[in-house]
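Please read it with the sequence and the structure open.

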Number of protein chains: 2
Amino acid sequence: MGVTLSDVALKAGVSRAAVSRTFTAGASVSPKMRARVETAALELGYSPNLLARSLTTRKTQLVGLVSNNFHNPVFLQIFDLVTKGLQERGLRPLLVNLSDETDPARSVQLLRQYSVEGVILATSHLPDGFASAFRDAGVAVVHAFGRPTGQTDVVGIDNVAAGQMAAQTLIARGYRHLGFMGGPEQASTTQDRLAGFSAAARALGGVVSHSFAGAYSFEAGRVEMTRLLAHPKAEAYFCADDVLSIGALSAAQAAGLRVPDDLGLIGLNDMHMAAWANINLTTIHQPFDAIVSGAIDLMQDRFADPTRAAQTRLFPCHIVDRGTLRAQS
Amino acid sequence: MGVTLSDVALKAGVSRAAVSRTFTAGASVSPKMRARVETAALELGYSPNLLARSLTTRKTQLVGLVSNNFHNPVFLQIFDLVTKGLQERGLRPLLVNLSDETDPARSVQLLRQYSVEGVILATSHLPDGFASAFRDAGVAVVHAFGRPTGQTDVVGIDNVAAGQMAAQTLIARGYRHLGFMGGPEQASTTQDRLAGFSAAARALGGVVSHSFAGAYSFEAGRVEMTRLLAHPKAEAYFCADDVLSIGALSAAQAAGLRVPDDLGLIGLNDMHMAAWANINLTTIHQPFDAIVSGAIDLMQDRFADPTRAAQTRLFPCHIVDRGTLRAQS
DNA sequence: CCGCTGAATGCTTTCGTTTGCAATCGAAAC
DNA sequence: GTTTCGATTGCAAACGAAAGCATTCAGCGG
């Protein structure tokens with residue numbers, strides 16, 4: 001452990017600069033020199049210390065991946081995509097769990113202390129000023145699944161449009177009394193989806209009620225739907241998240257309702273689980289792969305031009321028809 | 001961006017060493033000096049560059065978190081626990097997605113290049129020599145959910161005992177023809193659980209058959225159970241993983257079987273999802289929190305004493321009785 | 001008032017690497 | 001056999017911070 005540049009230089013009988021050059025892309029080294037250094041390096045098992053390198057190059061290839069949503073299985077898919085995407089581009093994710101008890105300011109400071117070049121915020125709900133703290137510190141930050149502000153780069157979907165799409169679909173399937181079940185009320189995703197949903201539903205002659213589950217979780221969805229079913233108001237619900245929908249579905253089944261005949265349900269995300277045969281949830285597909293690679297692209301764009309204006313990149317959604325909504329009437 | 005030690009020293013009118021000392025714990029600084037430096041640092045927004053610091057202290061506080069299981073929701077729970085546990089101890093996880101296409105050797109090299117002090121392997125199935133590559137490189141490695149080898153630190157459960165526990169439970173519930181559904185055949189978890197299960201089942205007069213699903217996934221479990229149900233051999237199955245069990249459960253329901261009356265099912269892990277009302281899976285609880293904090297402890301132990309012998313720490317499991325096994329007869 | 005002692009402080013080297021600059025090399029052109 | 005010029009090479013100074021060493025300081029007993 002700990003074989004350095006100098007060790008290799010000594011062994012190969014060349015200068016340290018020569019060794020450095022054979023390991024930095026695009027440097028001027030003769031083939032002979034390169035061969036000589038490389039055999040010495042191989043024998044010693046040398047590979048350059050990226051942290052030391054970063055001191056002079058000012059490039060760490062480190063990216064903060066911060067999320068506070070470690071309870072919604074959809075984020076495992078997202079982590080998978082993000083880590084793969086970063087790895088393909090030679091970047092490394094430093095994972096930060098922004099759970100409730102940790103001080104957000106400390107997380108910002110910490111990532112800066114590790115000289116991350118960029119930060120990907122993979123969550124809709126963020127502490128105030130979190131994103132801008134990075135921007136002000138000069139680190140490329142992109143907010144995935146966030147609400148466009150014009151202040152920072154945002155990648156995601158148009159949540160208002162998604163809400164509209166849900167309403168249009170329910171109306172088209174012949175439901176008239178519609179319900180919206182959101183996640184936490186302060187989440188921008190919840191607010192925007194509700195706004196789009198209500199407006200479109202009313203415009204199409206629907207009647208809409210709404211309520212909020214305490215979290216984007218199965219249990220919250222189940223509890224809330226159980227509550228709703230005690231005094232039924234709607235024939236079909238748009239749940240602002242698949243895992244919420246699955247909780248609601250469970251509650252409906254427990255209440256002896258047949259889905260979709262007695263109650264229609266449509267979710268949002270199209271997480272893998274929505275396709276499971278015993279769930280078979282009709283839902284709005286959120287193109288995670290496009291969003292994630294868009295987020296990484298935007299981050300790299302900003303590496304290249306730190307002063308460019310903030311950019312918003314929204315991708316279209318589409319309905320995935322499964323078994324929780326009745327067919328087009 | 002980029003305010004350094006020297007900037008603060010200049011502003012405060014003191015030496016660079018003085019600034020360094022106020023930011024390193026346990027250094028000799030007078031209260032007056034400390035105050036002076038701290039106000040200057042605050043005004044400039046200085047905080048020490050951890051990467052530069054690591055060059056002299058040889059401590060990066062960086063830990064590799066590597067997994068190849070980004071499809072089983074249980075790993076989100078694990079990532080949650082690991083990240084929180086590391087953060088509490090002032091350590092930072094560098095996340096590595098060891099997916100099939102990436103070269104394992106490159107991952108090892110990469111983590112070494114970033115001077116990680118330790119590595120947590122959160123997966124049961126690993127490329128050959130992966131763990132030992134870290135050990136040989138002098139980085140503290142602990143294999144969570146792995147099979148004890150005596151060569152590296154391992155934390156997890158006794159998978160053979162877990163298999164026995166499953167068999168004993170099924171027999172005690174009056175099932176006699178037992179089936180084992182494993183994940184990938186080469187996974188040590190699958191092998192060990194099968195070994196314990198078969199031995200105990202036979203010892204107790206049971207008849208056992210076994211087969212393997214291609215992956216630890218819902219779909220693999222569903223497909224395999226569908227196949228098994230075409231020519232039924234067993235009254236109850238032990239599925240080596242909850243998500244596999246849930247797939248199997250779905251297949252059973254699709255085949256019109258009532259669980260647990262027509263078919264018994266027991267899983268392993270007790271992931272959150274197992275408790276969902278519409279799944280309600282009887283399963284063997286694997287104590288993730290103990291395993292994860294044990295893994296971190298063991299890693300830190302090795303920081304302190306890099307030469308100590310490899311250690312294995314196994315935690316006990318217990319049955320969580322839910323709705324997929326009939327009651328004790 | 002002096003000498004002593006332990007705490008504070010500053011100087012300088014070091015960590016492992018890159019990189020600007022100058023010196024050297026090699027081969028083509030004359 | 002010179003020149004010339006671009007490609008290689010080595011030297012040495014950064015990068016941001018820690019820490020050993022020597023120096024200074026303050027407070028104490030005498």
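**Interface and DNA contacts in a predicted model**

Chain B and chain A bury about 4,800 Å² between them, 64% of it on carbon and sulfur atoms; buried area is the accessible area (1.4 Å probe) that two parts lose on being put together, summed over both. In chain B, the residues that lose the most area to chain A are B:L51, B:L76 and B:Y114, together 15% of what that side buries. This is a predicted model, in which local features need pLDDT of at least 70 and side-chain atom pairs count only at pLDDT 80 or more, while totals for chains, interfaces and linings use all residues; side-chain values use heavy atoms, with hydrogens and water left out. Residues are numbered from 1 along each chain as its sequence is written, chains are lettered from A and ligands numbered from 1 in the order in which they are written.

**Chain B against chain A**

- In this interface, 52 residues of chain B are in contact with 52 residues of chain A, contact meaning heavy atoms within 4.5 Å.
- On the side of chain B that touches chain A, two or more residues each come from α4, α5 (74-88), β2 (92-97), α6 (104-113), α10 (218-230) and α11 (242-254) of chain B. Helices (H or I, at least four residues) and strands (E, at least two) are DSSP runs, numbered from the N terminus.
- The largest share of that side, 7 residues, comes from α5(B).

**Symmetry**

- Chain B is superposed on chain A by a rotation of 180° with 0.0 Å of shift along its axis (RMSD 0.1 Å), using least squares on the C-alpha atoms of residues with pLDDT of at least 70 in both. That is the relation of a two-fold axis.
- B:L94 comes closest to the rotation axis of the residues of chain B, at 2.3 Å (C-alpha).
- The same surface serves both copies, as 100% of the contact residues of chain B recur in chain A.

**DNA strand C**

- Of the 27 residues around DNA strand C, A:L5, A:S20, A:R53, B:R21 and B:R58 come nearest; a residue is near a strand if one of its heavy atoms lies within 4 Å of it.
- Sugar and phosphate make up 59% of the atoms of DNA strand C that come within 4 Å of the protein.
- Phosphate oxygens of DNA strand C lie 2.5 Å from a polar backbone atom of A:L5, 2.5 Å from a polar side-chain atom of A:S20 and 2.6 Å from a polar side-chain atom of B:R58.
- The largest share of the surface near DNA strand C, 5 residues, is given by α4(A).

**DNA strand D**

- Around DNA strand D there are 27 residues, of which A:R58, B:L5, B:S20, B:R53 and B:T56 come nearest.
- A phosphate oxygen of DNA strand D is 2.5 Å from an N or O atom in the side chain of B:R53, and one is 3.0 Å from a polar backbone atom of B:N49.
- The largest share of the surface near DNA strand D, 5 residues, comes from α4(B).

Terms used
A polar contact is a pair of N or O atoms within 3.5 Å; within protein, one must be able to donate a hydrogen and the other to accept it, and residues adjacent in sequence count only if both atoms are side-chain atoms.
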